[in-house]
Each structure stands twice: as C-alpha cells, then as structure tokens.
Amino acid sequence: MIKAEAISKKYNRKTGTSNDFYAVKETDFTLGDGKLAVILGRSGSGKSTFLNMLAGLLEPSSGKVLIDDTDLYSLRDKDRALFRNQKIGVIPQVHSLLANLSVIENVKLPYLLYDPKGDVDAYAEELLDLVQIADLKNVRPSELSGGEMRRAAIARAMIRKPGAILADEPTSDLDDENSEKVFQIFRRIADQGTSIIMVTHETEAVDYADVAYRMNAGELVAIPQQERWERS
C-alpha cells in the first residue's frame, strides 16, 4: 500500500514577483497492492517531483508518505535508504546501468549492496527471462539497445522483491514497439501483486492501468473511467 497524505512541494525563488512556487500542490494519493497507476503530464508538470516524493528521494514541504504504514520521512536518511532498497524499486528517467558491469551484475547490484554474500543469481536470471533479455545477461550496457536497457532497469528494480515499483518516464526514448513491451511487462508485474506507479507523457499507457491521473501545473487529477473508454 502506497499512501500520500496532503503532500506538497514548494520552492522559494530568490527573484521575481512571486517568491513561492509549488511544483506539486497539496494532494492525497492511495494505491493498493497489485495495482498499476499511470500519471500523465507534460514536462514540467510536477509528475516527476511527485514520484520522487513517493519514492523517498525528495522530502515533501508538507504532509507524509506511508509505505505499508511506515512514514518514510520520519526515518533517518540512512534508515530511509535501507527501507527504500528493501521495499521500493525505482526506475529513473535517465539510463543508470553501470557501464563496467554486465547486465546480470547490474541487476544484482541493489541486493548485493546490503547483502554482499547473498546468492541471487537464479532469481536475477528469472527476472531477465521475465523481461525477455535473458540471452543478454553477460553483455555490457554499451551493447544494449535503448529498449533492452529499460528492461534491464525493470529487472534491477525487482531484485529485492519490492512491494512497489516507481518508474519515471520509462519509455521516453523508445519506439512504439518497445514502449508496448514495457507497458505489458508492468501489467504482468502488477498482476503478480506489486504496486506500480508510472509517470509518462504517453497516453497509450492508460490502456494498461487500473487507475490513471493527469498532472497539470502541480495539480493531480484523476482521469474518469468514461474518458479512458472514450479515448480507447
């Protein structure tokens, strides 16, 4: 369960006529287990800021974020990092695979950071099979296509068996075919019980979601089911 209670993010400008700027206006949000939420919005709308607050990466100006009743921002930085490693899989917008590691080494890394003696080879290979790049486990990221790198990042986000995966524009630089593959993978993962939040500008993602929202000028608004039916 992911729950946000009255969270917002305010910045203070040192110049200009209006000093206070809200990247995300005060909002509530709840997502249950095994649900896929899509948040649509243009660049600069606040959707990535919102996602980073839910992920424990950016402290809200107000409100609280709860993951299974744990208040993320009541934890010390070190404890929050450990909690995030164990409970939340984060897929950043930029490619973040380490160039000097193979694909499978990249996938195992979040696990081995806190348990260097752990044996997760079999599970890592299982995840690579899930995202359909098992045959590439020993290659370096420089040999992967953009779509393959995205799928490796998904496998890496799952290595700790997190209850939630938060993905920031996971298809931003992919063609239609690879974007659809990523959406299908997320749908399968959600159907297995993992909560997923994906922020994107691609309206096609809504077809795979249980719930959908639109972020505009920092304001999160649910997309009615009727509107989703009309679009499809």
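1. Let's start with a word you'll need throughout: two residues are in contact when they have heavy atoms within 4.5 Å of each other. By that rule T194 touches G34, K35, P162, G163, A164, I165 and I189, not counting residues up to four places away in sequence. T194 lies in the loop between α6 and β8. Its relative accessibility is 13%, so T194 counts as buried. Here buried means under 20% relative accessible area, exposed means over 50%, and partly exposed is in between (1.4 Å probe, protein chains only).

2. A quick word on what you're looking at: this is a predicted model, where local features need pLDDT of at least 70 and side-chain atom pairs count only at pLDDT 80 or more, while totals for chains, interfaces and linings use all residues. Residues are numbered from 1 along each chain as its sequence is written, and side-chain values use heavy atoms, with hydrogens and water left out. As for the labels, helices (H or I, at least four residues) and strands (E, at least two) are DSSP runs, numbered from the N terminus.

3. Now find the sheet. Two strands count as paired if DSSP finds at least two bridges between them. Strands of a sheet pair through backbone hydrogen bonds, either parallel or antiparallel.

4. You can walk across the sheet pair by pair. β1 and β2 are joined antiparallel over 8 bridges, and K3 stands opposite T30 in β2. On to the next pair: strand β1 (residues 2–12) and strand β4 (residues 62–67) are antiparallel over 5 bridges, with S62 in β4 as the bridge partner of S8. Then β4 and strand β5 (residues 70–71) pair in the antiparallel sense over 2 bridges, and the bridge partner of L66 in β5 is D71. β4 and β5 form a hairpin with 2 residues between them, and D68 in the turn has a positive phi of about 50 degrees.

5. Which residues touch the most other members of the largest nonpolar core? In this core of 44 residues, they are I91, I154, F186 and I189. β3 (36–40), α3, α4 (121–130), α5, β7, α6 and β8 (195–200) each supply at least two residues of this core, and α5 gives the most, with 7 residues. A nonpolar core is a set of buried Ala, Val, Leu, Ile, Met, Phe, Trp, Tyr and Cys residues joined through side-chain atoms within 4.5 Å. Zoom in on I154: leaving aside its neighbours within four places in sequence, I154 is in contact with I91, V131, V182, I185, F186 and I189. There is also a second, separate core of 26 residues, which includes A4, I67, L72 and Y73.

6. L128 is worth a click. This residue is found in helix α4, and it counts as buried because its relative accessibility is 0%. L128 touches V103, I104, V107, I133, A134, K137 and A155, not counting residues up to four places away in sequence. L128 and A152 are 24 residues apart in sequence but 7.0 Å apart in space, C-alpha to C-alpha.

7. Compare P170, found in the loop between β7 (164–168) and α6 (176–191). P170 has 2% relative accessibility and therefore counts as buried. Leaving aside neighbours within four places in sequence, P170 is in contact with R150, V182, F186, M198 and V199.

8. On a 1 Å grid over the protein atoms alone, a cavity is a set of points where a 1.4 Å probe fits but cannot get out, and a pocket is an open set with protein on both sides within 12 Å along at least five of seven lines; lining residues have an atom within 4 Å of a point. The largest pocket is lined by 20 residues, of which N85, V90, P110, L113 and R156 lie nearest its centre. α3 gives the most to this pocket's lining, with 5 residues. The largest cavity has a lining that includes I91, M149, R150 and R156, and α5 gives the most to that lining, with 4 residues.
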